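The sequence and structure come first.

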Amino acid sequence: MTQRITIDPITRLEGHGKIEIFLDDLGNVERAILQVPELRGFEQFAIGRPVEEMPRITPRICGVCPTAHHMAATKAVDAVFHIEPTPTARKLRELIYNAFFMEDHTLHFFFLGGPDFVVGPQAPAAERNILGVIGKVGVEIGSRVIRIREDVREIMNHLCGKAIHPVCGLPGGVAKGLDEEHRLKFLETAKAAVDFAEFALQIFDDVVLKNKGYVEVVVGEAYKIKTYYMGLVNDRNQVEFYDGHLRVVDPDGREFAKFKPADYLEHIAEHVEPWTYVKFPFLKKVGWKGFVEGKDSGVYRVAPLARLNAADSMQTPRAQKHYERMYATLGGKPVHNTLAFHWARLIEALQAAERMVELLQDQEITSPDIRRLPTQTPTEGVGIVEAPRGVLVHHYKTDEKGLITDANLIVATIGNAAAINMSIEKAAKAFIKGGQVSEGLLNMAEMAFRPYDPCHGCGTHAWPGNVPLILNIRGPRGQLLRQLRR
Amino acid sequence: MSDLKPKVAFYWCSSCGGCEESIVDLAEDILKVVAAVDIVFWPVALDFKKKDVEAMPDKSIAVSFINGGIRMSEQEEMAQLLRRKSQIVVAHGACAHLGGIPGLANFWNKSTVFDKVYHTTVSTDNAKGTEPQPKTSLDGYELTLSEFWDTVHPLDDIIDVDYYLPGCAPHRDLIINAVTAILEGKLPPKGSVLAPNKSCCDDCERNDSKPDKLQIKEIKRPYEVLLDPKTCFLAQGVICMGPATRGGCGERCINGNMPCRGCMGPTDQVHDQGAKFLSAFASILDANDEKDVERLVDSIVDPAGTFYRFSLPSSILKRKKLEAVK
């Protein structure tokens with residue numbers, strides 16, 4: 001007799017992602033999958049649009065990380081017009097981008113992923129949210145979280161018009177510059193952001209690392225899969241968000257490939273399954289072997305831990321200290337423990353904040369030289385950035401008027417789509433045995449995908465967060481045997 | 001939770017999550033909202049599910065904020081359910097209001113979208129020609145997926161809508177004003193758009209730089225010109241949807257030194273935003289003869305995708321005829 005378990009993240013309702021777990025005759029897990037039932041088709045309706053409008057159109061793929069789409073599109077448009085931004089424009093773009101990374105990563109830790117740890121994996125669902133975090137760490141700290149997010153987003157609002165759906169990117173530069181008054185104001189915000197990121201790491205240290213029980217969960221086999229890792233690096237192989245080469249390391253941590261964004265098609269392909277609307281990217285030179293781990297499988301992972309694994313170091317001194325500590329604590333590179341994504345995310349938030357300070361201390365950032373006008377005929381271009389949730393590819397081809405004739409997007413969350421399925425299956429296999437399904441499975445299965453911060457706004461739009469769950473255990477004729485919920 | 005507090009629900013359909021972020025961006029004000037109402041359904045943040053909503057008496061929710069257009073079967077189902085249970089339904093954001101940017105897909109249909117996404121995109125490796133199916137079998141287990149439609153619909157194509165909260169994403173002042181009006185029972189007539197009934201130009205800081213008689217000799221794309229941060233975009237020859245667009249957005253794009261693209265939709269007097277822009281635009285073309293007009297109009301590279309950037313599904317065009325595709 002086979003059984004089927006449906007974990008329906010009702011946050012996405014039936015509309016935006018559900019987990020199906022199939023048990024064999026002995027009641028052990030045979031398969032577990034995450035279905036993503038939503039699609040909008042931006043690649044198709046990009047066709048015919050003026051390419052310079054893409055930075056204003058594609059942010060609507062995802063209102064959680066619109067800045068990532070805006071920047072990938074802007075860089076792709078640069079490439080289409082064969083133009084580079086001025087040095088000041090590049091600095092402004094990097095400032096915007098690091099501000100975005102800092103606030104997005106801390107949003108995840110305090111509002112979304114962090115409650116797992118800060119409030120505790122076994123805490124009642126009603127407390128596993130930002131209010132629960134405030135209850136645990138205190139109101140004062142809670143309002144500090146809200147305030148720093150607002151202040152950092154103010155930088156984005158000022159320079160990009162709107163934090164939700166920015167408008168500033170143009171080929172060869174940005175639409176708006178920064179004056180001295182705002183530079184000084186934002187520098188204070190940036191310094192506060194560094195303090196705040198250090199403070200978040202301190203909370204992680206106090207709450208997670210000093211708790212033996214949590215550490216055991218983090219390093220446990222149930223939350224470990226061995227895959228390739230991909231991330232952007234700068235010319236010194238350091239973690240980079242805005243620009244650089246893509247580097248891939250194998251499951252042993254050895255460099256497998258390093259390539260320019262324009263060459264991505266030699267390295268990445270996407271597999272299609274009939275039971276979900278998202279596609280599954282894989283390493284072309286290894287091949288798609290299904291949802292399996294190891295060196296022979298083309299499955300790779302992206303996003304914070306993957307970026308740290310794929311690089312040799314961080315760019316900034318404080319973040320580097322934490323980077324070294326993480327690898328020393330978790331047994332060296334690469335780290336395969338999925339829950340370490342949370343730690344890596346905070347280390348990246350610190351680098352982003354430190355970079356904000358560096359950029360705002362540079363007087364050149366207030367130069368009025370923020371645009372170059374394109375002079376060449378538009379053709380084709382690829383723009384790749386690291387979204388908070390991983391490698392993001394925008395690729396456009398145009399006619400000689402700059403109207404799009406073909407578009408391809410590989411969005412960040414789907415970079416981890418295969419790995420998310422594998423992580424869920426592995427956790428399910430670890431926690432369901434002989435048909436015994438405990439309440440704890442709900443937490444445990446949920447914790448297997450939250451580290452990826454799966455923003456299905458980019459694959460659909462699953463709010464990357466506190467996903468309440470319902471779990472149905474069904475008999476072979478689909479009859480409901482038992483229901484667990486929280 | 002008190003029964004006396006008004007019950008409020010939030011839901012999203014075919015949208016990006018930006019409208020949800022706009023709620024989070026209320027920052028400390030969100031705590032005031034949470035204190036004043038009883039949120040009975042907010043899939044993003046709270047643990048209630050469809051069944052809980054089904055179990056509620058009809059009309060027991062004071063107000064439901066629904067964002068996103070409708071393009072999947074499950075979104076239609078949820079919209080209808082919330083309509084039944086709610087006294088007031090607010091179409092939250094440009095997609096629910098007008099169709100929004102995802103509504104540009106109405107230039108195409110399901111098969112062209114599938115063809116691109118699952119077959120012809122350059123990184124897709126799909127020799128077997130697989131496509132997502134409403135029903136599939138995986139290792140003998142049956143799986144279902146929500147059905148993808150040919151057309152994106154604004155919310156009021158599917159259900160009766162009481163109010164519209166415009167913008168992509170809506171400005172925080174508009175959200176606060178809407179919530180306050182509902183809590184205080186000071187609501188305008190049904191069908192109102194909860195934003196000022198004036199054009200974006202009326203509040204624009206660059207309005208003073210607009211010459212008394214605008215005359216456009218040549219149309220420039222935003223990348224072709226160094227945009228002056230103080231001068232009216234139309235006076236610079238750059239298409240700005242301001243004249244055909246409702247204000248109340250805080251002119252945030254213009255403050256970012258980029259022209260309006262029309263996310264707030266038209267004012268009350270106007271049914272079709274694109275047509276309104278065309279008529280306003282025709283009156284400012286500096287053309288001597290028909291040939292001149294033709295030359296100027298031809299220099300607009302993507303008129304439909306520009307004038308109907310956010311409003312194609314709610315416009316008189318609705319969508320491109322399927323036969324005309326390809």
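## Confidence

pLDDT is the predictor's confidence in each residue, on a scale from 0 to 100. The model described here is predicted. Over residues 475-479 of chain A, pLDDT stays under 50, and the model has five contacts for this stretch beyond four places in sequence.

Chain A as a whole averages a pLDDT of 86, with 83% of its residues scoring at least 70. Residues 9-15 of chain A have pLDDT below 50, yet the model gives this stretch 31 contacts beyond near neighbours in sequence.

## Contacts between chains A and B

Between the two chains, 73 residues of chain A are in contact with 70 residues of chain B. On the chain A side, the elements that give two or more residues are β2 (18-23), β3 (29-35), α1 (42-45), α2 (54-57), α7 (139-160), β9 (268-271) and β14 (404-410). Of these, β9(A) gives the most, with four residues.

By residue class, the side of chain A that touches chain B divides into 36 nonpolar, 16 polar and 21 charged residues.

## A sheet in chain B

Chain B has an open sheet of five strands with parallel pairing, in the order β2-β1-β3-β5-β9. Its edges are β2 (38-41) and β9 (163-165); each has a single partner strand, so one side of each lacks a neighbour in the sheet. Ignoring direction, neighbouring strands are turned by 30° against each other on average.

Within this chain, β3 (residues 61-67) and β5 (residues 86-92) run parallel and are joined by six bridges. B:Phe65 has B:Val90 in β5(B) as its bridge partner. Helix α8 (residues 172-184) of chain B packs on the sheet and touches β3, β5 and β9 of that chain. The direction of α8 makes about 150° with that of β9(B).

Note on methods. Residues are numbered from 1 along each chain as its sequence is written. Chains are lettered from A and ligands numbered from 1 in the order in which they are written. This is a predicted model: local features need pLDDT of at least 70, side-chain atom pairs count only at pLDDT 80 or more; totals for chains, interfaces and linings use all residues. Two strands pair if DSSP finds at least two bridges between them. Axes are lines fitted to C-alpha atoms, for helices over the stretch in contact, and angles run from 0 to 180 degrees between N-to-C directions. Two residues are in contact if their C-beta atoms, placed from the backbone, lie within 7 Å. Ala, Val, Leu, Ile, Met, Phe, Trp, Tyr, Cys and Pro count as nonpolar, Asp, Glu, Lys and Arg as charged, and the others, Gly among them, as polar.
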